Amino acid sequence: MDLRTFVDLLSKHGHLKRIEQEVDWKFEIGRITRENQVPLFFENVKGYSGHRVFTNGLSNVGLIGLALGLEPGQSQKEIIGEAKRRVQNPLTPRVVEAGPVLQNVVQKNDIDFLKFAVPQWNTQDAGRYLGTWHINVTRDLETGARNVGVYRMQVLGPKQATVSTSPTSHLGLHVAKAEKTGQALQMAVAIGVGEAVMMAASAACPYGFDEYELAGGLETKSLQLIKCQTVDLEVPADSEIVIEGFLTPGARVQDGPYFDYAGKANTNPNAFLFEATQLM
């Protein structure tokens with residue numbers, strides 16, 4: 001289920017709250033999101049005509065069930081039971097030739113992250129965060145194993161952003177292997193992917209396990225991927241936004257402070273530096 005289908009499903013069942021009045025990307029979207037623990041669709045962002053922001057998609061267990069394609073009204077026990085069954089049957093993704101994200105390709109020199117309605121979520125945040133509910137895709141340079149994770153990204157410039165994680169994360173291990181040989185680590189960032197992909201990317205999978213396979217299991221259907229054009233990686237074919245690029249070897253930048261899921265603002269002085277090479 002792609003994200004647009006999920007949004008339509010939420011609307012059909014009366015779970016989606018559309019915000020039609022103008023809202024400011026600076027603090028206001030974040031405040032309304034925190035005050036309304038239901039799926040929200042911001043249709044009128046100040047300074048960004050035609051751009052929309054979706055939040056709170058999985059704000060309760062019943063909505064997780066909808067995202068997995070289950071019938072409305074199932075109990076928490078039933079939803080968890082079905083999810084447990086599905087994760088036991090991961091499915092290998094398959095590469096397809098085309099996807100809607102290929103309709104608009106922006107070359108490196110024309111990339112500007114702030115052409116999108118990137119929110120500044122909280123008054124305690126250091127800046128605007130391009131990535132808070134997205135996937136980061138990298139590959140182990142020694143084994144070729146793919147990792148799909150969720151690592152927050154603060155905008156630093158038109159084509160640059162932080163990628164915040166710990167050295168012991170799967171991404172941190174990929175970076176360490178690349179830096180050992182002096183290489184930049186290729187990365188693809190996909191924003192606006194299906195919620196099953198998000199569930200898989202944020203799960204605690206073993207190192208070397210392909211989270212795309214878990215997403216396929218959750219969907220009970222192999223995930224369709226397309227190949228990126230400037231990096232040797234694959235992303236979901238129905239992604240809304242894909243940013244290709246690399247992590248600069250040896251570079252460390254400050255990310256935050258950012259008010260995250262832990263309930264307090266925190267700073268990472270050793271975040272990685274991402275630079276975009278193409279945007280779709």
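Strands (E, at least two residues) are DSSP runs, numbered from the N terminus. Two strands pair if DSSP finds at least two bridges between them. This is a predicted model: local features need pLDDT of at least 70, side-chain atom pairs count only at pLDDT 80 or more, and totals for chains, interfaces and linings use all residues. Residues are numbered from 1 along each chain as its sequence is written, and side-chain values use heavy atoms, with hydrogens and water left out.

**Exercise 1. Describe the hairpin of strand 15 and strand 16.**

Step 1. Find the strands: strand 15 covers residues 253-259 and strand 16 covers residues 265-279.
Step 2. Check the pairing. The two run antiparallel, joined by 4 bridges. Tyr258 has Asn266 in strand 16 as its bridge partner.
Step 3. Look at the turn. There are 5 residues between the strands, and Gly263 there has a positive phi of about 90 degrees.

**Exercise 2. Work out the open sheet of 3 strands.**

Step 1. Write the order: 4-12-13, with mixed pairing.
Step 2. Pick out the edges. Strand 4 (94-95) and strand 13 (234-236) each pair on one side only.
Step 3. Join strand 4 to strand 12 (residues 224-227): they run parallel, with 2 bridges. Val95 stands opposite Leu225 of strand 12.

**Exercise 3. Is Ser239 buried or exposed?**

Step 1. Locate Ser239: the loop between strand 13 and strand 14 (241-247).
Step 2. Ser239 is buried (under 20% relative accessible area; exposed is over 50%, partly exposed in between; 1.4 Å probe, protein chains only), because its relative accessible area is 4%.
Step 3. List contacts (heavy atoms within 4.5 Å). Beyond neighbours within four places in sequence, Ser239 touches Val101, Ala190, Ile191, Gly192 and Val193.
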